[in-house]
Amino acid sequence: MTALAVRRLLIDLDAPIARHWCAGDAFRTALFNALSMSFPVGEQFFIDAVRDGFEALPAALKPRFAEEVRGFVGQEATHRRVHGLFNAHLERQGLRNTWGPRAAERQKLLKGEDLRHRLAVTAAYEHFTAILADWLLHHPEVLGTEDARLATLWLWHSAEESEHKSTAFDLYQALDGNHAWRLKWFRRVTIMFVGDTLRQTVRNLHHDGTLWRWSTWRSAAAHLFGRSGLVIETLDPWRAYRRADFHPRQLDTDLAERWLRENAGQFRIV
Ligand SMILES: [Fe+2]
Ligand SMILES: [Fe+2]
């Protein structure tokens, strides 16, 4: 089991966020803004699934999971709160979040279903966030130097995603979740996640008035499909999830640990 610390980030989120806070780049800003818009609703869903999963465990297994589940819930609840503050700035900029409400509607479909569906969905999204996080920790320059506090926010979130990436997966396994359903949900989550990310990013760019700029598309091509682009570098770890013997711990967490070590002054353990 993993020891998960809950950290309070020591950054000021009251100061406004610049329109192109991410390296002065319209595409990167719109993409990260889109992801942030999905977090409060998504992370609440993950918290509920993991909490319910823990409750459903046989008594003999509970002690093994108790501390990790507490850490997971604490970390995601903190992300939720911090991204809520971040998103409030976006709202003040006039950006409209359609991803969050759409996801909330979709979540209702799983109400009353076998709880392992929610855990499989959570494990799949946690894999996505873990490989995204790993990419960002490998390429922190993507976040630019324009706003150091926001770079810290994204790297802190990334490091914690890397830390707790196996919690939902392990609960799913402990509750006898099978491989076929894990894969089925992974395929569906892939379609939903890629579709939602694109839709919200395009919407953000449209509002920003930069959707049809050549520089926006050039940045998108470079950061998604370039040599160290997001899609190119996450393809192998994305595929790995489909193996029957896959476990999230097979993806290393060295960079996350290093970031947390080197940036201990940026947060307080609670
Ligand atoms: Fe998170
Ligand atoms: Fe997470």
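Me: What's the phi of Asp176, the residue that follows α6?
Reply: Asp176 comes after α6 and has a positive phi, near 65°. Bear in mind that this is a predicted model.

Me: OK, and α6 itself, is that mostly covered or mostly open?
Reply: Mostly covered, with 6 of its 8 residues buried. Those are Thr167, Ala168, Phe169, Asp170, Leu171 and Tyr172.

Me: What covers the buried residues of α6?
Reply: The cover includes α1, α2, α4 and α7.

Me: Switching to the largest nonpolar core. Which residues touch the most other members?
Reply: Val50, Ala124, Trp154, Leu155 and Ala168, out of 58 residues in that core. The elements giving two or more residues to this core are α1 (26-56), α2 (62-92), α4 (115-138), α5 (148-163), α6 (167-174), α7 (179-208) and α10 (254-262).

Me: Which one gives the largest share?
Reply: α1 does, with 14 residues.

Me: And Trp154, what is that in contact with, leaving aside neighbours within four places in sequence?
Reply: Phe32, Leu136 and Leu143.

Me: Now α5. How many of its residues are buried?
Reply: 13 of its 16 residues are buried, so α5 is largely enclosed by the rest of the structure.

Me: What span should α5 have, and how far apart are its end C-alpha atoms?
Reply: At 1.5 Å a residue, the 16 residues should span 22 Å. The end C-alpha atoms of α5 are 22 Å apart, which agrees.

Definitions and conventions
Residues are numbered from 1 along each chain as its sequence is written. Chains are lettered from A and ligands numbered from 1 in the order in which they are written. This is a predicted model: local features need pLDDT of at least 70, side-chain atom pairs count only at pLDDT 80 or more; totals for chains, interfaces and linings use all residues. A nonpolar core is a set of buried Ala, Val, Leu, Ile, Met, Phe, Trp, Tyr and Cys residues joined through C-beta atoms within 7 Å. A residue is buried if 20 or more other C-beta atoms lie within 10 Å of its own, exposed if 12 or fewer, and partly exposed in between; C-beta atoms are placed from the backbone. Helices (H or I, at least four residues) and strands (E, at least two) are DSSP runs, numbered from the N terminus. Two residues are in contact if their C-beta atoms, placed from the backbone, lie within 7 Å. The expected span of a helix is 1.5 Å times one less than its number of residues.
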